[in-house]
Amino acid sequence: MGKQFNAEGSCFTEKHYMVNLDSRIKEIKKLIADEKYFTINKARQYGKTTTLSMLKESLDNEYVVFFISFEGIGDKAYQNEDSFCRFFCGLLYDAIYYKEVTGLPEEMENECRHMSENKSREIDLREVSNFITKMCQETKKPVILIIDEVDQASDQKIFLDFLGMLRAKYLKRNSRLTFTSVILASVYDIKNLKQKIRREENHQYNSPWNIAADFNIDMSFSKADIIGMLLEYEKDYHLGIDLDIAADLIYDFTSGYPYLVSRICKIVDERLIQNQKWDAKCAWTRAGILEAVKILVKESS
């Protein structure tokens with residue numbers, strides 16, 4: 001099966017028609033080179049996970065990169081400090097076990113597994129903090145932490161305590177080694193999080209993530225981005241698509257929102273062409289794209 005347009009979850013270059021993300025990756029890597037901690041907060045299906053996955057691939061030669069996600073984690077992980085610390089160490093060890101992380105000393109791998117699995121005694125954030133420092137000392141390459149879907153934990157006090165621990169380490173990074181960079185991806189801006197200390201109390205406190213650098217990189221698709229994606233498709237099918245007109249129309253209807261761009265292209269390719277409702281070349285004209293937009297507007301998405 002050849003490549004497809006994808007509007008469901010992460011994209012992969014070998015499977016999907018994609019916008020070239022090289023320029024965005026390059027800009028993000030500048031923040032990492034400057035040892036910044038930052039958040040990427042964009043609406044759902046805006047390409048955050050795809051971008052972070054490609055970012056990790058581009059960093060693996062220079063850094064030890066932990067790319068974990070809080071998605072699908074139940075309330076049990078947030079019951080107390082011990083359960084959260086084991087949950088966090090477990091996510092780190094999963095990345096090690098599945099060979100997503102390389103360059104870590106075996107001693108550190110074993111210690112991470114032990115902290116996640118050994119329930120003979122409780123562990124706390126201080127112990128996790130010490131483990132992070134030791135790991136960064138023993139590892140030859142700088143260590144980066146990327147956490148996707150942090151919204152899943154945003155209403156949990158222990159999560160803010162965890163952010164506070166990372167913040168404290170960041171402020172003391174010249175004397176106590178820690179992650180070179182931390183990237184948190186979410187729909188909402190973690191810097192603006194507030195939470196009640198107890199449910200019955202009204203007073204609140206701000207998230208300790210006020211150390212985060214500004215993230216001003218535009219992740220929407222430009223007209224040129226859309227042309228690049230359609231050009232890849234055109235090279236496979238040789239339909240004689242007027243790329244400029246097609247990309248201009250798609251951009252006008254979507255303002256470059258990644259999901260909407262990919263969904264329109266997917267409808268044209270699969271609903272109009274593959275179902276033989278439209279001639280392949282005509283489907284990529286103004287009339288065909290307008291038909292795809294009509295179908296998209298009627299969908300529940």
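A cavity is a set of grid points where a 1.4 Å probe fits but cannot get out, and its lining residues have an atom within 4 Å of a point. In this predicted model, the largest cavity is lined by Arg 86, His 114, Met 115, Asn 118, Arg 121, Ile 123 and Glu 127. The largest pocket has a volume of about 540 Å³, and the count of aromatic pairs comes to 21.

**Enclosed space**

- A search of the whole structure finds one cavity of 30 Å³ or more.
- The volume of the largest cavity is about 40 Å³.
- Three charged residues contribute to the lining of the largest cavity, together with two nonpolar and two polar ones.

**The largest pocket**

- The lining of the largest pocket consists of 27 residues, and those closest to the pocket centre are Gly 9, Gln 45, Tyr 46, Gly 47 and Thr 50.
- Two helices, α2 (48–59) and α9 (258–273), each supply at least two residues of this lining.
- Helix α2 provides the largest share, with four residues.
- Sorted by class, the pocket lining holds twelve nonpolar, nine polar and six charged residues.

**Aromatic pairs**

- Across the model, 21 aromatic pairs are counted.
- Tyr 37 counts as buried because its relative accessibility is 1%, and buried means under 20% relative accessible area.
- Trp 209 is likewise buried, because its relative accessible area is 0%.
- Elsewhere, ring pairs join Phe 70, Tyr 78, Phe 84, Phe 87, Phe 88, Phe 159 and Phe 162 into a cluster.

**Charges over ring faces**

- Lys 15 lies over the face of Phe 12, at 5.7 Å from the ring centre.
- Arg 173 is placed over the face of Tyr 170, and here the distance to the ring centre is 3.9 Å.

Key. Residues numbered from 1 in each chain as written. Predicted model: local features only at pLDDT ≥ 70, side-chain atom pairs only at ≥ 80, totals over all residues. Heavy atoms only, no water. Phe/Tyr/Trp six-rings, centres within 6.5 Å; stacked < 30°, edge-to-face > 60°. Buried < 20%, exposed > 50% of the residue type's maximum accessible area, 1.4 Å probe, protein only. Lys NZ or Arg CZ within 6 Å of the ring centre and 35° of its normal. 1 Å grid on protein atoms, 1.4 Å probe; cavity = no way out; pocket = protein on both sides within 12 Å on 5 of 7 lines; lining within 4 Å. Points joined across faces, edges and corners; volume = space filled by probe spheres on them. Nonpolar A, V, L, I, M, F, W, Y, C, P; charged D, E, K, R; others polar.
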